[in-house]
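This briefing describes a predicted model. The points below are grouped by topic and may be read alongside the sequence and the structure.

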Amino acid sequence: MNEINIDAISTDEVNLPGWKAKNIQLSVLRLDKIHPLISGNKWFKLRFYLDDAKKLNKKTIVTYGGAWSNHILATAAAAKKNDLQSIGIIRGERPAVFSSTLLQSQESGMKLIFISRDKYKENFIPNEIEDENNYIIAEGGMGEKGVDGASTILDHCRREEFTHICCAIGTGTMMSGLINAALPSNHVIGISVLKNNPGTEKVIQSFIRNNQSAYNIIHDYHFGGYAKYNSGLLDFMNSYYSQTNIPTDFVYTGKLFYALHDMVSNDYFPEGSKLLAIHSGGIQGNNSLKKGTLIF
Ligand SMILES: *Cc1c(COP(=O)(O)O)cnc(C)c1O
């Protein structure tokens, strides 16, 4: 597997006719470029957990996720890079055929343990992982250290140039970190990819320590819920790629960019706004779609 390359992050200006007419600029912070498989924001969320695990002399990272989880794959790769072992507790029975995510995680040395959906829901801890050498990271890297790691995302751009910083929201960890690192002149906009999840607001409130900037959570673009999609979203992703050369994923960033385009059409952003959209990666999850669905 390739190395993670943080220097590959760029801020790409995207010029689309509809936006120009409204005098709104869009730049994309390309965290997706750090690695072809490892989701950009997951690496940022993991970095301080890994530092902590090493400081505590732990040998093995244990974490949780589904069969297509960006977090599982990123943890496998990041643990390997840090000379740590890793164990992934995977939601659901062991499948006959592994997803590409699981195969690649295994290739990075991750040991996979499958537990039933019911047990997973109860936060069941398999016996194998009760070991003092283990360092446990919550699903999605959610927690204070994840938030602090996500704050460092903005070290890779000139945040003072933007009026709005926009991201997709799953657990809310990344958005909390962005809010903590934002300037008073940055308005942070999060697009939730979950349906009926008012808990997100509370999670984000609990993680915010340095709230100088305004922020809003938008709940209108989940497309039916987590990892749900329709042809409108897939068509948008294909046309977005042909216009901008930027690939997106159907779980997070496709919904983010779709939302921003819709919000610009509906005049959500004042004229003269300069948007920074965080491309948080996640492209590997598109492998769960039928081949040929996407043009990239
Ligand atoms: C996990 C993930 C997110 C959401 O991050 P949270 O911190 O859970 O809100 C956004 N984009 C991608 C590509 C992800 O993998």
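Asp12 is partly exposed, with a relative accessible area of 22%. Its salt-bridge partner is Arg30, and the closest N and O atoms of the two are 3.0 Å apart. Asp12 belongs to strand β1 and Arg30 to strand β2 (residues 25–30), so this pair ties together parts that lie 18 residues apart in sequence.

**Salt bridges**

- Arg30 is buried, because its relative accessible area is 8% and the limit for burial is under 20%.
- Glu144 counts as partly exposed, at 43% relative accessibility.
- Through salt bridges with shared partners, Asp12, Arg30, Asp32 and Lys33 are joined into one network.
- Lys81 and Glu3 meet through their side chains in a salt bridge of 3.3 Å, N to O. Here too, distant parts of the chain are linked: Lys81 is in helix α3 (residues 70–81) and Glu3 is in the segment before β1 (11–14), 78 residues apart.
- Lys81 is partly exposed, with a relative accessible area of 39%, whereas Glu3 is exposed, with a relative accessible area of 56%.
- Over the whole structure, the search finds 12 salt bridges.

**Pairing of β2, β7 and β10**

- Strands β2 and β10 run parallel and are joined by six bridges. Arg30 takes part in this pairing, with His279 as its bridge partner in β10.
- Three bridges pair β7 with β10, again in the parallel sense. Cys166 stands opposite Ala277 of β10.
- Five of the six residues of β10 are buried, so this strand is largely enclosed by the rest of the structure.

**Nonpolar cores**

- The largest nonpolar core has 40 residues. Those with the most contacts inside this core are Leu29, Ile61, Ile153, Leu154, Met175, Leu178 and Ile278.
- At least two residues of this core come from each of α2 (40–55), α3, β7 (164–169), α7 (173–181) and β10 (274–279). The element that gives the most is α2, with six residues.
- Beyond its neighbours within four places in sequence, Leu178 is in contact with Ala150, Ile153, Leu154, Ile165, Cys167 and Ile278.
- Another core, of 34 residues, lies apart from the largest one and includes Val193, Ile218, Phe236 and Val251.

**Helices α7 and α9**

- Helix α7 is largely enclosed by the rest of the structure, because nine of its nine residues are buried. The buried residues of α7 are Thr173, Met174, Met175, Ser176, Gly177, Leu178, Ile179, Asn180 and Ala181.
- Asn238 is located in helix α9 (residues 231–244) and counts as buried, at 14% relative accessibility.
- Leaving out residues up to four places away in sequence, Asn238 touches Thr293, Leu294, Ile295 and Phe296.

**The four-stranded sheet**

- Four strands form an open sheet with parallel pairing, in the order β5-β4-β3-β6. Its edge strands are β5 (110–115) and β6 (134–136), each of which pairs on one side only.
- From one strand to the next, the twist of this sheet averages 25°.
- Strand β3 (residues 60–65) and β6 run parallel and are joined by three bridges. Thr60 has Asn134 as its bridge partner in β6.
- Helix α4 (residues 100–107) packs on the sheet, where it touches β4 (85–91) and β5. The direction of α4 makes about 140° with that of β5.

Technical notes:
Residues are numbered from 1 along each chain as its sequence is written. This is a predicted model: local features need pLDDT of at least 70, side-chain atom pairs count only at pLDDT 80 or more; totals for chains, interfaces and linings use all residues. Side-chain values use heavy atoms; hydrogens and water are left out. A salt bridge is a side-chain nitrogen of Lys or Arg within 4 Å of a carboxyl oxygen of Asp or Glu. Buried means under 20% relative accessible area, exposed over 50%, partly exposed in between (1.4 Å probe, protein chains only). A nonpolar core is a set of buried Ala, Val, Leu, Ile, Met, Phe, Trp, Tyr and Cys residues joined through side-chain atoms within 4.5 Å. Contact means heavy atoms within 4.5 Å. Two strands pair if DSSP finds at least two bridges between them. Axes are lines fitted to C-alpha atoms, for helices over the stretch in contact, and angles run from 0 to 180 degrees between N-to-C directions.
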